[in-house]
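This report describes a protein model in plain terms. Please look at the sequence and the structure below before reading on.

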Amino acid sequence: MTTAIYPGSFDPITYGHLDIIKRSSEVFDKVIVGVLKNQTKNPLFEFEERVEMIREVTKDYSNVEIASYHGLLVDFTKEMNADVIVRGIRAVSDFEYELMMAQTNKQLNPNIETMFFATSSRYSFLSSSTVRELAYFDGDITQFVPEYVSEKVYEKVKKMK
C-alpha cells in the first residue's frame with residue numbers, strides 16, 4: 001500500500017488544492033493531507049478551522065485523511081509511514097523551489113520520494129493568498145473555492161474589517 005502526504009497550510013483550501021488531492025487520490029492507496037501548523041505565518045484561519053474546512057470539502061474521498069503536523073515534513077512522513085510527498089507545481093518558479101525542497105528531503109530521508117503534479121491550467125494562477133486578498137476587497141471568490149469555504153472566508157474577512 002502506497003501512502004502519500006500532500007502538505008500545506010491551506011489558508012484557505014482552494015480548487016487548485018482540491019484538484020491535486022483528487023488526482024493524487026486516484027494514484028495512491030492513501031493520501032494524507034498534512035496541515036502545517038506554522039508559527040511563522042499569520043494565517044487568516046486558525047489551525048483548527050483550516051483542518052475542519054479541509055475535512056468538510058474532502059469528505060467524499062474515501063482514501064483521503066486529514067492530519068496536522070508541525071516541524072519537519074520528513075519527520076511527519078516517517079510518523080505517518082508515508083512513501084511519497086505530493087507537491088503541486090503551478091509555474092517554473094514553483095518547480096525550482098520544490099525541487100530544492102525535494103532534494104533536501106531526500107537527503108534527510110533517502111526512503112522518501114517526491115512526486116510533482118502539474119496544476120491544471122485552469123488553476124495555474126490560483127493561490128490561497130489571492131483568494132484572501134480578493135475576499136478582503138469584496139471580490140468574487142466563489143469560482144476559486146467551494147461554497148462552504150467561500151462562506152467561511154467572507155465571514156472571517158467581515159470580522160476583520
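Helix H4 has 17 residues (residues 92-108), which at 1.5 Å a residue should span 24 Å; the C-alpha atoms at its ends are 24 Å apart, which agrees. The expected span is 1.5 Å times one less than the number of residues. Helices (H or I, at least four residues) and strands (E, at least two) are DSSP runs, numbered from the N terminus. The model is predicted: local features need pLDDT of at least 70 and side-chain atom pairs count only at pLDDT 80 or more, while totals for chains, interfaces and linings use all residues. Residues are numbered from 1 along each chain as its sequence is written, and side-chain values use heavy atoms, with hydrogens and water left out.

Which residues of H4 are buried? They are Asp94, Glu98, Ala102 and Asn105. Seen down the axis of H4, the buried residues fall within an arc of 65°, so they line one face of the helix. The arc is that of the directions from the helix axis to the C-beta atoms. Buried means under 20% relative accessible area, exposed over 50%, and partly exposed in between (1.4 Å probe, protein chains only). On the face turned away from the buried side of H4 are the exposed residues Val92, Ser93, Glu96 and Gln107. The cover over the buried residues of H4 includes helix H3 (73-79), strand E4 (84-89) and strand E5 (113-118). Contact means heavy atoms within 4.5 Å.

The sheet is open and is formed by 5 strands in the order E3-E2-E1-E4-E5, with parallel pairing. Strand E3 (64-69) and E5 stand at the edges with a single partner strand each, so one side of each is left without a neighbour in the sheet. On average, neighbouring strands of this sheet are turned by 30° against each other, direction ignored. Two strands pair if DSSP finds at least two bridges between them. Strand E2 (residues 30-36) is joined to E3 by 6 bridges, and Val35 stands opposite Ser68 in E3. E1 and E4 are joined by 2 bridges; Ile5 has Ile85 in E4 as its bridge partner. Another 6 bridges join E4 to E5, where Val86 stands opposite Met115 in E5.

Helix H1 (residues 15-27) lies across strand E1 (3-8), E2, E3, E4 and E5, and runs at about 125° to E5. H4 also packs on the sheet, touching E4 and E5, and its direction makes about 165° with that of E5. Axes are lines fitted to C-alpha atoms, for helices over the stretch in contact, and angles run from 0 to 180 degrees between N-to-C directions.

A salt bridge is a side-chain nitrogen of Lys or Arg within 4 Å of a carboxyl oxygen of Asp or Glu. By this rule there are 9 salt bridges, among them those in the table.

| Salt bridge | N to O distance |
|---|---|
| Glu65 and Lys30 | 3.5 Å |
| Arg87 and Glu98 | 2.8 Å |
| Glu113 and Lys106 | 2.6 Å |

Glu65 lies in strand E3 and Lys30 in strand E2, so this pair ties together parts that are 35 residues apart in sequence. Glu65 is partly exposed, at 36% relative accessibility. Arg87 lies in strand E4 and Glu98 in helix H4, so that pair ties together parts 11 residues apart in sequence. Glu98 is buried, with a relative accessible area of 9%. Glu113 is partly exposed at 43% relative accessible area, and Lys106 is partly exposed at 30%.
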